[in-house]
Amino acid sequence: MMKSNLLKLQQVEAYIGQFHILYDITFEVPKGEVTVLLGRNGAGKTTTLRTVMGLNPASKGSITFKEQEISSLKPHMIANRGIGYVPEDQGIFGDLTVGENIRVAMKKEDQVTTKRMEWALELFPDLKKFWNKPGGQLSGGQKQMLAIARAYVNENELLLIDEPSKGLAPIIVEKVMESIQQMKERTTILLVEQNFLMASRIGDQFYIIDDGQTVHDGQMGELKEDKVLMKKYLGIS
Amino acid sequence: MEAIIQTEDLSISFGGHVAVDSVSITIPSKKFTSIIGPNGAGKTTFFNLLSGQLSPTKGSIFYKEEEITKLSTTERTRLGIGRSFQITNVFPNLTVLENVRLAVQSQKKVRYNMIAHFRHFKQFEQKSYEILEKVFLLEKADSKAVNLAHGEKRKLEIAMLLALETELLLLDEPTAGMSLEEVPAIIDVIKQLKQEDDRTIVLIEHKMDMIMDLSDEVLVLFHGELLAKGKPEEIVQNETVQSAYLGGMYDEKQLT
Amino acid sequence: MNLRSIERSTWIYIAIALLLFIVPFIVTGRSMQFILIQIFIFGIFAMSYDLLLGFTGIISFGHVMFFGIGAYSTAISLDRFDSTIPALLLGVVLALVIAAIVSFIVGILTLRLKSHFYAMLTLALAGLFLVAAEKWRSLSGGNDGFTFRLPELIRDSQSQYFLCLVSLIFIFFGLRRLTKSPFGKVLMSIRENEQRTESLGYTVLHYKVIASVVSGVIASFAGVLYIISLRFVNTSVFATDLTIDVLLMTIIGGVGTLIGPIIGAGLVEFAHHWLSGLSDVHWIFERWIILYGTVYILVVIFFPLGIVGTIQAKLFGRTVTKGLKDNKSKVS
Amino acid sequence: MDLVFSLLINGLATGMLIFLLAAGLTLIFGLMDVLNFAHGGLFIWGAYTGVWFYQMSDSFLLAIMVSIITGLLLGLITEKLIVRPVYGNHIQQILITLGFMLVLQELIKVVFGPDQKAVFPPGWLQGSFMVGDIVIIKYRLFIIVLGFLVFFLIFFILKRTRIGLIVRAGVIDKEMIQSLGINIRFVFMLVFMVGAAMAALSGMLHAPYSGVIYAEMGLEFSILAFIVVVIGGMGSFTGSLFAALLVGLAQAFMAYYFPALSLAVNMLLMATVLIFRPQGLFRVKG
């Protein structure tokens, strides 16, 4: 059966300054699923997300979102097409309160958006509790939750989430992952994750990026069985 | 085994996030040590602490048994700690030779000489050429650094490090952002360095084959902490390390 | 190889210099000689600025303070004592010493700041000197200024011409040598990448301070010559316009080239002369600075390397300065 | 006592004028990392166009509106023509905006003539009144009140409106605000225009205060604004108010008690801040 693809990258190349970071990134993100990008440090996963977002424009190749080319658009236009982004460093506005951090993301203050916000706050009760606290004073986990909630409040059809487990204590990681799992029922997610255990629990399908190229893909279930592949691209030997 | 650099309880935190957490290690003199660890483990931060780009919130650093925790980058370079950067950081509009010569001349007494023409310092030029030969960059001596390919810039970066004639070399991901064809050449250069006995090399890398091949000892950082250390073979076998890489630090039973 | 091309360029410069020695015997008009003298003086001033901007990558908006220090030291010395050579020499020594001290103090205090702050701060400091000169009338004569007599030896324009030309040549070759010395190479490396220079074991601040002292002293000397050529001083020698003039000359001529600023000085001075001359035709030419400002803005945007830099890039594929060209931060 | 009070009023009035000029500078810098050396040019254009209209129509309030409109328009032109081509390149920005400053200053002389012009406050703002023993000069009070009004207006916009929220967020993280679907360039253009309008307003209010306007006063006054921006902290709006009042008061009191030092006092203030707290008193960015 043909799945409908929300996002599609074909032979995307990108540079950061004079560094050639992405050589050949090709993958598809089916609607309603969680697609995980795996790969070692420095493989180009973060750059891939930034390239989709237009923060680090692609030099070659095509990126289509809902069948429309977006590779030459500016970041804000891409965001307005319906893509939410949770960057690696979470991008919390430190001097703004939690509430302001969420409000600045809300394009409209209509019912739909408010409903979404309420749902996100149910998911992360901490945010409600610290509503008037500056974002910079939150703990790492709370920042991550805020960043995810912020990306969710608009009617985004696709969320790009970059390593939500990074630098968090195991229990917090668990909480964040749970919330992503719940979000999965409402939106499509493209996730970058190094924590394989976590990725395998919430991911439907995966792509492995190595040295700026997509080198392997498949269903998450298959990967769990394939110890050789795992070690080759993700492990240390 | 004589230690060249030692850290005691070294920690640094950025706004509540502890990037390096009480790391106490000893790096043996004249050996090849590698530091590995997943993303965000604090490797580069650790290097920044050693070379003085950052100052620790807690703990101390010793170089040849003398405390250097409070010294500046410049002072540490003069003592003998040289480092390469993850982002190539050469002088773009100077020639390759000039780049290296700047490094050579920094160790000498002519630093403030503003009268003599630089060509009068033949010995520096000679030295620079020798180093360029070592890193296989001789034929590019007169090109501007900005015109080099990325891999060549990396080599130049290493050449400048060599020119400093420091006893300790800190190499931060020398293969990062390189095309696949360029990697072997860098490995060759590093191998050659390893063969010169009077140097201590510390390497941060992700390319495991390279680490296995070169290292005498491997240190594993995880969440800013020292997770394991040992010979490369031991590290590969180490279960904790394996699961750290695959994200299973907290094993599956605990979660379900 | 490089060596030969450098020698050839040196010969060309020497030939041009010799040619300039003959000029006053051919061109005898006083006003023409005066323009050439001004070009030499501003060439020196602009070269001293180039050492900062083009070679070290420092933007100072207060360079005029050294120029003014030189001007006033000499003028006051000649005014208070006799118009003799010793008084002149005393003035020159004072000019150089005061400029060195001021540039040293300013440099130590401010050169560790980022380019924004440094530019602002130097602008403010120069402003302070201007106000001081205006208020301290007993010494400076205020806005009206004062005239003074010159020693016999340098009273006629021919001897002034040679004095300025010789100074220009000495300073040009001196600076050229400096930029090719080990020290000069460190300055260029600071321009290219300050942090990296630091990590090679150089104390960047020392180099910047020394560069600014050298530059300040030369600027002060340009001020000395300027005041000799005018036999008059007023507070305009501290005016920001002069900093802007010298900025214009350096940028239009080509930063980081030394010869560029001299060419820039020539263009600006000649254009100034001609355009002001046209003010009889229409008063708009009185405001020639607008034209210059516009040209300058266009040069900064479209030809950041200036005349000499662009020619060099075309001929030798050399680009000289990073500061003006690729300094893009990652802001989209 | 009444002397202290009148110095206080004097200092606050001067401080308010500097604040209006500095606030735009600091916001523009905070949001886009652009240091606008042409800001003083907007100040004189505001003064000249306002005064021209004032002398033509005799309506001071309308003249203030005219100067604000001039500021908005010139801000738009400056941003589009001068600043936009050199985004992200500090050295070019510094060089080009200073060049534009020069052009703006010379154009004043072309359009309005090179001589300085005398300006008086409108009748209803002339003279003074007494509160107890204290003489209060009306026009100074007017500047202070208007300055505070503008401060609170902008403060309210920054704190309470969506556009203000976006500006504050943009000062912290430009990339993230774009990723939330906001066109930062457009927001910046608005900020630039508002900043320019405030500079123009400052110039207009300054005209009857000093009694005379001339082309060079833009650069002179913007030097004070730079000092304020450094003291208050680059990018901090509240910091610029605080520092501007500090500079204004310091100047007023020093001018009376130690006239010889009055020149140096601002520089000393700035040098002290730079040495002990180089990020300024109110820091915004890390």
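Mentor: Let us begin with domains, whose bounds come from an automatic or database domain assignment. Chain B is divided into domain 1 (1-80 + 169-256) and domain 2 (89-165). The contact between them, where contact means heavy atoms within 4.5 Å, takes 21 residues from domain 1 of chain B and 14 residues from domain 2 of chain B.

Trainee: On what kind of model and numbering do these values rest?

Mentor: This is a predicted model, in which local features need pLDDT of at least 70 and side-chain atom pairs count only at pLDDT 80 or more, while totals for chains, interfaces and linings use all residues. Residues are numbered from 1 along each chain as its sequence is written, chains are lettered from A and ligands numbered from 1 in the order in which they are written, and side-chain values use heavy atoms, with hydrogens and water left out.

Trainee: How is the size of an interface expressed, and what is the area buried between domain 1 and domain 2 of chain B?

Mentor: The size of an interface is often given as the accessible area lost when the parts come together. Here, buried area is the accessible area (1.4 Å probe) that two parts lose on being put together, summed over both. For domain 1 and domain 2 of chain B the value is about 1400 Å², with carbon and sulfur atoms giving 64% of that area.

Trainee: Which elements contribute to the domain 1 side of chain B?

Mentor: Helices (H or I, at least four residues) and strands (E, at least two) are DSSP runs, numbered from the N terminus. Those giving two or more residues to the side of domain 1 of chain B that touches domain 2 of chain B are helix 2 (73-79), strand 8 (168-172) and helix 6 (183-195) of chain B. Helix 6 of chain B gives the most to this side, with 7 residues. By class, the side has 11 nonpolar, 3 polar and 7 charged residues; Ala, Val, Leu, Ile, Met, Phe, Trp, Tyr, Cys and Pro count as nonpolar, Asp, Glu, Lys and Arg as charged, and the others, Gly among them, as polar.

Trainee: How many salt bridges are counted between these two domains of chain B?

Mentor: A salt bridge is a side-chain nitrogen of Lys or Arg within 4 Å of a carboxyl oxygen of Asp or Glu. The count between domain 1 of chain B and domain 2 of chain B is 0, whereas the structure holds 23 salt bridges over all chains. One of them pairs B:Glu165 with B:Lys127, with the closest N and O atoms 2.4 Å apart. B:Glu165 lies in the loop between helix 5 (150-163) and strand 8 of chain B and B:Lys127 in helix 4 (residues 122-134) of chain B, so this pair ties together parts that are 38 residues apart in sequence.

Trainee: Among the pairs of chains in contact, which share the most contacts?

Mentor: Chains C and D do, of the 4 pairs in contact. Their contact takes 42 residues from chain C and 43 residues from chain D. The area buried between chain C and chain D is about 4100 Å², and carbon and sulfur atoms give 78% of it. C:His116, C:Met120 and C:Arg287 supply 17% of the area that chain C buries against chain D, more than any other three residues. On the side of chain C that touches chain D, helix 5 (115-135), helix 11 (240-253) and helix 13 (288-302) of chain C each give two or more residues. Helix 5 of chain C provides the largest share, 13 residues.

Trainee: Where does the record place the "transmembrane region" annotation on chain D?

Mentor: UniProt positions are given in the numbering used here, feature names are shortened, and annotations may be inferred rather than shown by experiment. The unreviewed UniProt entry places this annotation on spans of chain D including 34-54 and 186-209. In the model, residues 186-209 of chain D are 100% helix and 0% strand, with end C-alpha atoms 35 Å apart.
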